[in-house]
Amino acid sequence: MTLIQLEPHPDEPVHGYFYRYAQALGLSDIKSFLKGASLTPKVSYTPEQIESLATNLLLDAEWLQGRNPGSSHPNPLYALRFQRSKLSPVCPLCIAEAAYCRAAWDHDLVTACTRHGIELVDRCESCDELITRDRQCLLSCRCCGFDLRTSAVVAATTGDLAISALLASENVQARGLLPAGLSTGPAPDDAGDFLNYLASHLQVQLVAGTIAQPESNRRARRPKDLSESKSEVKRIWSVLDEWPRNFESFMRERIRTGTGRSVSDRLGNWVNVYFRQFDPERYEFFSDVLTQTLSQHFDGHLERFFRTKELKRTRSKEWYTASEVASALNSTPGLVTAAVEERRLAGRLHAGALRYVTVHRDTIDAIKQERSNYLTASEARSVLGISKSLLQRLVNAGVLAETIKSEMPPLVLGKFRLPDLQAFQQRLVGSARLRRVAEEYLVGLQDICAKRGLSEAQLATVYIDIAEGRVRAVKRVVGSVGVSGLRFDLREIQERLTFESHEPMLLKYDLVNYGGWKADDVKAWIKGGFLEIRREKRGDKWVEHVPLSSLIKFMTQYCVLSDASESLGTSTNYLLKTLQPAKIEAATSPISGRRPARGLLVENRELIRGAQLRKASLKALADRHCRPDKGASSACVGSFIMNSAG
């Protein structure tokens, strides 16, 4: 495709720029334009697609990414949650001045043009058809050809102008009527979420001099057209207009008519939702009116509420009670107290008639950090892009490890470590060897199941082979999540199963009886992925076998330190210490990246590398300890290794 130089406008969205580019090239619409890059029009593009677009269009990737809607975009106009995917309203006067789309028009809660003070138009004045993003002309209706620049203009309300100016971070007269913090300057990145919260929970309707109650359990819907967007903005403005009069009236009415002793019981769950979803310091105007009104008019229990509020807003406080910690971590005071008493959680235990515990702020922050590394089964499936049944099969096969409760940090709920999941994904993606394979032979992880005629033992074997790189992906679907887009060659899987079915197998207890190794050491090697196994289900029990090829590979790759230390008459820790000057460390697990808790191993090639560091002293060492007529004994070889490494 021969490209032209087309400068984007500062307030132009990505899809609007693509539309102008398509017109400049003589194409009918965006779809035809993106077809040359093997893409389809989207509300938001992946980083890989952004890089591809930047390369093909000779654009700055940062410019594209800065205007690409996302779930956590710093500009509230590009919040993905509020992007209009089908509707594309316009300002008749704006397109008459300059024929291009404005980014603000794509936001669900933007209903007015702040430049001209008029309402946006989302329907053709002639045929009443909606104006959509897939249109072929910006200036006219795609159905009847009506010139949209001649549409009748309607003056926008103050509320529409104020909310639209807030989201666009524009300083116009109507925005000055908003509360302090929202009336000037850049809008908060979660401004759309806050406005949606007001529309969902706190809409105030003055009916015959009384305050109408909000709809029960109402959730703000995505507006289908501009009229529904205006209804949402009207609800928002009913709270913010003449701030804080309407909000105070709403709260006093709820306090008077509600029942219960706690704040949430009397006022409703919207109070908890606010403190859970938003930063009270960012929306200080709202927090101050809320707490002031409660202090003056609420006659129930305020202690817990104010403790929670202080916990979220005050950074000078260092120690927190069990109730405050539980509130911050979404736990219970009993679990916090028990964790401190059992010394699983750092804290102070205060004895007396009323025994209680306190926890330092740094400990709370550390727990929050630990929690981010542990995911529930549902979160783990979202990261990897797999189903519940596949996750369980991977766990059963030993490919993914579930952390047992005794090994988890205190007050942590998830059983799957995020680094383990990321390492698993990186291994599978990184080991992929892409090649052309007929479509009928391609199979994804989700499809490797009993429906393929594989037994549970064979499934475990396949998953282990894939996890350890013996079976590699041959294709990856673009834009897939986690490992869901990896495809494997079914013929390769079947060939390995055919070969392994004839291979001699040993029980792990055979290694204990004939190899002299401890059972716990063998279990640690299996769990860490040092020693490959095959699992077979017999009845209700799983039986683990060690293939002969796996044992040979293990013995040729690793040296068991307990064997070496026993033959040399020393301890494993001392032997490992003597190897440290040569930078020889215990082998780490290919699965977890950590060395086993038992049965330490050292790679044989590392011992040879360490021995090469002191070539000059090898001959003298051999002459001193080994007589030529008898050769080198096993003890001499061990001393040789230790001294050469030390």
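I first noted the term I needed: a pocket is an open set of grid points with protein on both sides within 12 Å along at least five of seven lines, and its lining residues have an atom within 4 Å of a point. I also noted that the model is predicted.

**Entry on the pocket.** I looked up the largest pocket and found about 1000 Å³ of space in it. Its lining comprises 36 residues, and Ala401, Lys527, Gly528, Ser592 and Arg594 lie nearest the centre. Helices 18, 19, 20 and 23 each supply at least two lining residues; helix 23 gives the most, with 5.

**Entry on the salt bridges.** My search of the whole structure returned 24 salt bridges. I examined the one between the side chains of Arg123 and Asp225, at 3.6 Å from N to O. Arg123 is in the loop between strand 2 and helix 6 and Asp225 in the loop between strand 4 and helix 8, so the pair ties together parts 102 residues apart in sequence. Arg123 is partly exposed at 30% relative accessibility, whereas Asp225 is buried at 13%.

**Entry on a network.** I then turned to Glu532 and Lys553, whose closest N and O atoms are 3.1 Å apart in a salt bridge. Glu532 lies in the loop between helix 23 and strand 14 and Lys553 in helix 24, so this pair ties together parts 21 residues apart in sequence. Salt bridges that share partners join Asp465, Glu468, Arg470, Glu532 and Lys553 into one network.

How values were computed: Residues are numbered from 1 along each chain as its sequence is written. This is a predicted model: local features need pLDDT of at least 70, side-chain atom pairs count only at pLDDT 80 or more; totals for chains, interfaces and linings use all residues. Side-chain values use heavy atoms; hydrogens and water are left out. On a 1 Å grid over the protein atoms alone, a cavity is a set of points where a 1.4 Å probe fits but cannot get out, and a pocket is an open set with protein on both sides within 12 Å along at least five of seven lines; lining residues have an atom within 4 Å of a point. Grid points are joined across faces, edges and corners, and a volume is the space filled by probe spheres set on the points. Helices (H or I, at least four residues) and strands (E, at least two) are DSSP runs, numbered from the N terminus. A salt bridge is a side-chain nitrogen of Lys or Arg within 4 Å of a carboxyl oxygen of Asp or Glu. Buried means under 20% relative accessible area, exposed over 50%, partly exposed in between (1.4 Å probe, protein chains only).
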